[in-house]
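Please look over the model shown here before reading the comments. They are meant to be checked against it one at a time.

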Amino acid sequence: MLQEPPPVAELLAELRRFATAVAQAVAARKPDWQWRPAPGEWNLTELCCHLRDVEREVHQVRFRSLLAADNAFIPGATSDDWVQARAYAQQDGRLALSEFLTARQETIAMLPPADDPYWQRQGRHSFFGPTTSHELLNLAVKHDQAHGEQLQQLLNRRDEAGGSD
């Protein structure tokens, strides 16, 4: 079992807040979607593609699995490999952002309210072992937080480098 996460209501609010924050952060600037702060670091297009695909293929799949059955098997994912394998840098970053925002709304719509027994439903995660829907929600929020910081650093570094459109 993972460490006890914050209350479900707080996590659901954070899940909603993150999508808004990403959209606002990008809209507040006119970023160069292909600019990267250093070799090997992700650009904004790659980050948005990653957020979109993780939302669709990791978070939604996990939540649906536990909505469908108690003690469902939850596969792990090594999504960082997708950046090269799926040629994220060649994709349309604005479209990826839009698709992420749509996918996040779909995720939020599928999830039950904070007081629903679903949040204590057990599953078996391939990396973490026994877990609950509540813990998986916490992992999704932590993923958001890590990439929210990355987004801000990317946009701030771009500003510091004198970049604009």
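This is a predicted model: local features need pLDDT of at least 70, side-chain atom pairs count only at pLDDT 80 or more; totals for chains, interfaces and linings use all residues.

1. The chain has an average pLDDT of 91, and 93% of the residues score at least 70. Helix H4 (residues 93-110) has the highest confidence, with a mean of 97. The lowest is in helix H5 (residues 133-160), where the mean is 87.

2. The count of salt bridges comes to 9. One of them joins arginine 17 to glutamate 14, with 2.7 Å between the closest N and O atoms. Both residues belong to helix H1 (residues 8-27) and are 3 residues apart, about one turn of the helix. Arginine 17 has a relative accessible area of 42%, so it is classed as partly exposed.

3. A salt bridge also links glutamate 46 and arginine 36, whose closest N and O atoms are 2.9 Å apart. Glutamate 46 is in helix H2 (residues 44-68) and arginine 36 is in the loop between H1 and H2, so the pair ties together parts 10 residues apart in sequence. Glutamate 46 is buried, at a relative accessible area of 3%, whereas arginine 36 is partly exposed, at 30%.

4. Glutamate 55 and arginine 104 form a salt bridge through their side chains, at 2.7 Å from N to O. Because glutamate 55 lies in helix H2 and arginine 104 in helix H4, this pair ties together parts that are 49 residues apart in sequence. Are these two residues buried or exposed? Glutamate 55 has a relative accessible area of 1% and is buried; arginine 104, at 0%, also counts as buried.

5. Some salt bridges share partners. Through them, Arg52, Asp53, Arg56, Glu57, Arg86 and Glu99 are joined into one network.

6. How do H1 and H4 run relative to each other, roughly parallel or roughly antiparallel? Their axes come within 10 Å and cross at roughly 165°. Angles over 145 degrees count as roughly antiparallel, and H1 and H4 are therefore roughly antiparallel to each other. Their crossing is left-handed.

7. On the H1 side they include Leu15, Phe18, Ala19 and Val22. On the H4 side they include Leu97, Phe100, Leu101 and Arg104.

Key: Residues are numbered from 1 along each chain as its sequence is written. Side-chain values use heavy atoms; hydrogens and water are left out. pLDDT is the predictor's confidence in each residue, from 0 to 100. Helices (H or I, at least four residues) and strands (E, at least two) are DSSP runs, numbered from the N terminus. A salt bridge is a side-chain nitrogen of Lys or Arg within 4 Å of a carboxyl oxygen of Asp or Glu. Buried means under 20% relative accessible area, exposed over 50%, partly exposed in between (1.4 Å probe, protein chains only). Axes are lines fitted to C-alpha atoms, for helices over the stretch in contact, and angles run from 0 to 180 degrees between N-to-C directions. Angles under 35 degrees count as roughly parallel, over 145 as roughly antiparallel, 65 to 115 as roughly perpendicular and the rest as oblique. A crossing is left-handed if the near helix is turned anticlockwise from the far one by less than a right angle, and right-handed if clockwise. Contact means heavy atoms within 4.5 Å.
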